[in-house]
Amino acid sequence: MRNTIVQKAKPWIVLLVLTFMAGIHAIGQTSIFVSPRGNDRYAGTSPQTAVKTIIQALRLSREIRRSENNPVSIYLLQGTYFIQETIDLTAADSFLNILPYKGAKVILSGGKRLQGKWVKTGAQRWQQNPSQSFTQLFEEGRRLTVARYPNHAFWNPSAVDLQQH
């Protein structure tokens, strides 16, 4: 009879121990939230007070790790993050997790948004005079063909007269 009670209690004991351990882990972990619509002056302690950049979240993470030795998770809310500078991770970033928040679709992009006004010049043709140069153009994740002249290879070896050189 006693053996039967122990066998029935084992799953409950395991569940209780796992719940306790998960609670300890949750207490000892700090979360920082990042959103493309956030503000780097915010605390980043909730999705409503998310910081804007991953770089700022890393700064906050390092400050927290200096005062506490707990793991830190940086949660990225849904959206596209335009990375303007290199993200350097060092030994100070040990026990750091950077992950999407609740399965959010997150895009890290090294690109820049074109600023300025687009003018429609044909049925499927738009034009803009950008202030910066670029070699690739994307719209909603789809790579577009950049207009160029001439409309073929940049350098045509057959057009060079090697006899003159």
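Which residues have the most contacts inside the largest nonpolar core? They are Ile 32, Val 34, Ala 57, Ile 74 and Leu 76, in a core of 17 residues. A nonpolar core here is a set of buried Ala, Val, Leu, Ile, Met, Phe, Trp, Tyr and Cys residues joined through side-chain atoms within 4.5 Å. Strand 1, helix 2 and strand 2 are the elements that give two or more residues to this core. Helix 2 supplies the largest share, five residues. In soluble globular proteins, nonpolar side chains tend to be buried together.

The model is predicted: local features need pLDDT of at least 70, side-chain atom pairs count only at pLDDT 80 or more, and totals for chains, interfaces and linings use all residues. Residues are numbered from 1 along each chain as its sequence is written, and side-chain values use heavy atoms, with hydrogens and water left out.

**Helix 2 and its surroundings**

Helices (H or I, at least four residues) and strands (E, at least two) are DSSP runs, numbered from the N terminus. Helix 2 covers residues 54–67, which is 14 residues. From first C-alpha to last, helix 2 reaches 20 Å, close to the 20 Å expected at 1.5 Å a residue; the expected span is 1.5 Å times one less than the number of residues. Among its buried residues are Ile 54, Ala 57, Leu 60 and Arg 65. The buried residues of helix 2 pack against strand 1 (30–34), strand 2 (72–76), strand 4 (96–100) and strand 5 (106–109).

Contact means heavy atoms within 4.5 Å. Leaving aside neighbours within four places in sequence, Ile 32 is in contact with residues including Ala 57, Leu 60, Ile 64 and Ile 74.

Buried means under 20% relative accessible area, exposed over 50%, and partly exposed in between (1.4 Å probe, protein chains only).

| Residue | Relative accessibility | Class |
|---|---|---|
| Val 51 | 0% | buried |
| Ile 98 | 38% | partly exposed |
| Gln 127 | 43% | partly exposed |

Val 51 lies in the loop between strand 1 and helix 2. Val 51 and Phe 33 are 18 residues apart in sequence, yet 6.4 Å apart in space, C-alpha to C-alpha. Not counting residues up to four places away in sequence, Val 51 touches Phe 33, Gly 44, Ala 57 and Leu 60, among others.

Gln 127 belongs to strand 7 (residues 125–127). Its C-alpha is 8.6 Å from that of Lys 117, 10 residues away in sequence. With residues up to four places away left out, Gln 127 touches Lys 117, Trp 118, Val 119 and Thr 121.
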